[in-house]
Every structure is written in structure tokens, then in C-alpha cells.
Amino acid sequence: MSLSKTDYDIIVAGGGLAGLIVASSAAYYSKQRMKVLVLDRNSIDIQGRKTISGWICGDAVGKNTVDYMTDRIKISWGYPEIEHPVKGVVAFSPDHETRVSFDGEGYILNRKRLPQKQVSEATKMGVEIASNIMIRQLTTENNFIVGVEGENTKTKEIFKKTAKVVVDCTGVTSVLRTNLPINSHIQRRIDRNDLESTGRYIYDFDKKGNEDKTFFDPEYCIIHLDQNLAPGGYGWVFPKGENKVNIGLGVQQKLFDKANKEIGKKRDLKKLIDDYVSVNPVISNPRLSIGEEDLGNEWGTWQVSVRRQNDCMVANGYIMVGDSAWMPKPLDAGGIGPAIIAATIAGKDIVEAIESGDVSENGLWKYNKNFINEYGYKTAGLEVFRRMLQQLTNEQINYGMKHFLSKMDIDKITNGEHPEFSTVSKLGMMIRGALNKKLAEDLKFTSQMNEELVKHYRNYPDTSEGFPEWSKKLNGHLSEAFAKFT
């Protein structure tokens with residue numbers, strides 16, 4: 001396809017965290033020679049707001065991923081968009097007896113303040129931003145995406161612009177992806193069981209004399225694994241200061257429904273979170289944060305994907321970044337880190353594709369490959385691990401965390417990778433109880449399957465022609481794993 005005259009070189013649909021990084025990255029790598037437009041459905045003062053409930057998010061990100069962006073496109077974040085630094089993440093077993101540290105240093109962001117910082121950075125680099133634009137569909141020509149169509153919600157005027165590449169950063173339920181009007185290898189719909197229902201509060205609170213650091217620690221993000229508390233998910237207590245917290249939980253809907261049925265109650269997600277807050281002995285007299293920086297963002301729920309990223313993230317003239325490509329990590333639903341990495345890479349790869357005059361699926365294909373090499377190679381193995389964990393009882397989680405995790409496993413988890421559970425084989429005959437023996441076998445299986453999957457992802461095809469064969473093999477591995485953990 002020849003790159004004929006278009007209104008813009010790049011249109012980014014969705015001006016949230018990922019969209020603004022893609023735009024800034026493209027401006028950086030093109031030395032501001034390209035015309036880049038970011039569209040957001042919100043007005044500029046509430047840029048990047050996800051739902052009417054606000055910028056709902058766990059707010060946590062690893063320092064290493066922010067550094068990744070800073071090193072490559074020279075954008076750095078500080079106060080007030082970084083609200084609170086942390087030394088790492090600690091996960092507690094259901095009985096609170098085993099603590100596993102992972103993920104290294106990080107930050108708790110203020111997701112309402114951050115888009116304002118990003119807008120100012122992007123505008124400085126020549127990026128254009130259009131507010132109050134609701135995108136309805138992609139426009140096409142000769143099986144290429146060539147632009148977007150929608151309306152200005154303020155003026156009610158039709159909005160129609162063309163571009164050489166359209167970047168989809170419109171979130172997990174993206175209608176652009178679902179209704180993609182051209183042929184491609186992209187998976188359009190997510191399986192409901194690969195979504196977690198999550199919700200959280202931003203609370204100010206009084207600290208009781210109780211200093212129980214298994215419930216609140218101003219220096220660490222806390223994760224509670226507990227099938228009674230959060231069926232198929234986990235609870236979190238992320239500090240935003242000495243007396244301020246982002247507290248919430250995520251559940252897999254099917255397992256939550258099953259748990260409700262078993263106890264004969266009809267709890268909803270909010271009730272579950274309220275119960276979680278009420279049993280926390282450190283968080284006393286919690287009240288919604290009254291700071292201007294949290295106004296309109298104090299409470300909310302959202303859906304987050306917990307599967308590997310879309311197996312293919314490009315089509316002719318079209319590319320997906322962040323939640324629209326299902327990038328949050330399957331194990332903990334952390335979406336900010338992978339979005340930063342992907343957006344930084346995408347900006348560079350799009351610029352190169354446009355400069356080389358080829359924005360076809362194959363012209364953009366290197367983005368698939370580059371993201372997989374940097375991050376995506378590990379997600380399918382973690383998806384299998386997540387499915388295995390979701391079917392465990394609290395007793396098995398207690399036992400497994402106490403007996404099966406080695407120092408090396410924790411190092412792996414810290415790097416966001418699949419643990420090896422090498423101690424399982426060594427313990428052999430010493431493992432007590434049939435359920436724990438099954439757990440040991442399952443851990444061994446996930447570890448071996450992860451090895452296969454990582455190897456398979458390292459062989460991701462160089463061009464789209466090799467994709468059907470690669471995809472068939474991937475689905476063979478996953479079918480075997482998923483059948484084991486239904």
C-alpha cells in the first residue's frame with residue numbers, strides 16, 4: 001500500500017497512560033517530524049479517566065519499568081504524579097505465616113495527576129491532543145486501516161481523520177479491536193474467565209497502636225492470597241503515605257459465584273471489599289480521601305484481563321498497546337509496567353514502519369516480536385500458573401508457600417517470571433497429604449510447561465506468514481495445560 005497524503009502520520013485512540021507514552025515515544029523517535037494526534041473521550045481536565053468512577057487502578061508500578069521509559073525516551077516522572085515510593089511487594093499466605101517478597105522497588109502513582117504531567121510532556125514534543133472525541137469506528141481502504149470516525153461529544157459534530165497508522169489504546173473492551181473491519185490474526189474477543197472483577201478505595205485513616213505489618217506497611221505493597229477473601233484473585237493494601245491507602249481486591253467471577261453459592265449468600269464485589277477493609281486491624285476509621293488529587297477517584301470497580309497478551313497485536317495500519325491488547329500480567333493483573341514497555345517500543349517501531357514506507361501487517365510486525373522479547377515471552381507460562389493457583393485451597397497455598405518456594409524461585413518471581421519449584425523433587429517422599437502431593441505434581445507440571453512456552457515464544461515468527469503454524473502449536477500447549485486446570 002502506498003502511503004498517500006493523510007491528515008496525520010499517527011492517530012492514537014485513547015489518551016490514557018499507554019496512549020500518551022506511545023505518542024511521546026513516536027515524537028521522540030521521529031525527532032518531532034511526524035504529525036501525531038491523541039484522541040480522548042474526556043475533557044482535558046479529566047484526561048485519561050477510565051470510567052465515571054474515575055482512574056480506577058491499583059496505582060503500583062515497578063521502578064525498573066519507569067526507568068525503561070526514561071532511558072529510552074527521556075521522560076521522567078516525579079512528585080505529584082508519583083505519590084509514594086515503596087521498597088517492594090510482599091505476598092502473604094492465607095494464614096499470614098509465610099511472607100514472600102518480590103518485584104523490587106517501585107512507586108504508587110496518582111492516576112489523576114499523571115495524565116496532566118503526560119499531556120504537558122507530549123504537547124511539549126509537538127503532539128496534538130483532541131478532547132471530547134468519542135471514536136465509533138475505524139475507517140478502511142483496500143484492507144488497511146486508514147483512520148477513525150466518531151463524534152465530538154461537546155459540539156455533536158462528526159469527527160473524521162485519516163492516518164498512516166492508528167494505535168488502539170482504548171482499553172480492555174476496545175470496540176475498535178472487537179469490530180476490526182479488516183482481515184488479521186488479531187483475537188477480537190476475550191474469554192470471560194480471563195477477566196477479573198476488581199475494585200478499590202482510596203482511604204485516609206487513623207492508625208491504631210497496632211503496627212501489624214502483615215496488614216499495612218508504609219514501605220511495602222501488601223498482597224493477601226486467600227480464597228475466602230478473594231476467590232480466584234487476591235486482596236491488596238498499597239500505601240499512599242503513612243495514613244493513606246489504596247485498598248481493594250480482585251476476584252474471578254465464576255469462582256466468586258461458586259463461593260457465594262457454597263455459603264448461601266449473595267455478596268457483591270463492594271460487600272467483599274468492605275468486609276476486607278473492616279477486618280484490617282491497622283486501618284482504623286477509614287474515610288474517602290478528601291484531597292483535590294483524589295476527587296472523583298475515591299472508589300470504583302473495573303475489569304482487568306489476566307491472560308497472555310493478544311497473540312498478534314498488529315494488522316494493516318493498526319496496532320494495539322496496553323489494556324486493549326490484554327497486557328496486564330496474568331499473575332497479579334499489574335498493567336502499568338507492561339503498558340509502559342509496550343508503548344515505548346511501539347512509538348519507535350511505528351516511526352520506523354512509516355519511514356520505510358510499509359505500514360502493512362508485516363511492516364509493523366517487529367512490534368509483536370520486540371514486545372515479546374522484552375516482556376511478552378513470560379506471560380503464557382504465568383497464565384497457566386494463574387489457572388493452577390485459582391483451583392487451590394487455602395491449606396494448599398499455605399503449605400506450598402511454606403515448603404515449595406526456594407530463594408531462586410523468589411528471585412524469579414521478583415523478575416516477573418515463573419518459579420521453577422526445584423525443591424518439589426528434592427522433598428519427594430517427605431510431602432505430607434494427598435492434596436499436597438497433587439500440588440507438588442501440578443507445580444512441577446506448570447514449571448515444565450512454562451519452559452516449553454518460553455522456548456516457543458522465543459521462536460515467535462519473524463513475519464506474519466509463519467504465524468498460523470506458530471499459533472497452532474501455542475494453542476496445542478495451552479489446551480493441554482488448561483485441560484489439567486479446569
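A charge sits over a ring if NZ of Lys or CZ of Arg is within 6 Å of the ring centre and within 35 degrees of the ring normal. The table lists charged ends placed in this way.

| Charged end | Ring | Distance from the ring centre |
|---|---|---|
| K270 | W299 | 5.6 Å |
| K484 | F445 | 5.0 Å |

The model is predicted, with local features needing pLDDT of at least 70 and side-chain atom pairs counting only at pLDDT 80 or more, while totals for chains, interfaces and linings use all residues. Residues are numbered from 1 along each chain as its sequence is written, and side-chain values use heavy atoms, with hydrogens and water left out.

**Aromatic pairs**

The structure holds 17 aromatic pairs. Rings of Phe, Tyr and Trp (its six-membered ring) pair if their centres lie within 6.5 Å; planes under 30 degrees apart count as stacked, over 60 as edge-to-face and the rest as tilted. The ring centres of Y457 and W470 are 5.0 Å apart and the planes stand at 90°, so this pair is edge-to-face. Y457 lies in helix α14 (residues 434-458) and W470 in helix α15 (residues 467-484), 13 residues apart. Helices (H or I, at least four residues) and strands (E, at least two) are DSSP runs, numbered from the N terminus. Both Y457 and W470 are buried, where buried means under 20% relative accessible area, exposed over 50% and partly exposed in between (1.4 Å probe, protein chains only). One aromatic cluster is formed by W365, Y457, Y460, F467 and W470.

**Nonpolar cores**

A nonpolar core is a set of buried Ala, Val, Leu, Ile, Met, Phe, Trp, Tyr and Cys residues joined through side-chain atoms within 4.5 Å. The largest has 124 residues, and W77, V167, V321, I350 and Y367 have the most contacts inside it. Helix α7 (residues 336-355) gives the most to this core, with 12 residues. A second, separate core of 23 residues includes V90, Y201, V237 and I283.

**Helix α2**

In helix α2 (residues 63-73), the buried residues are T65, V66, Y68, M69 and I73. Seen down the axis of α2, they fall within an arc of 150°, so they line one face of the helix; the arc is that of the directions from the helix axis to the C-beta atoms. N64 and D71, on the other side of α2, are exposed. The buried residues of α2 pack against α1 (17-29), β3 (60-62), β7 (106-109), α7 and α9 (366-374), contact meaning heavy atoms within 4.5 Å. K74 follows α2 and has a positive phi, near 60°.
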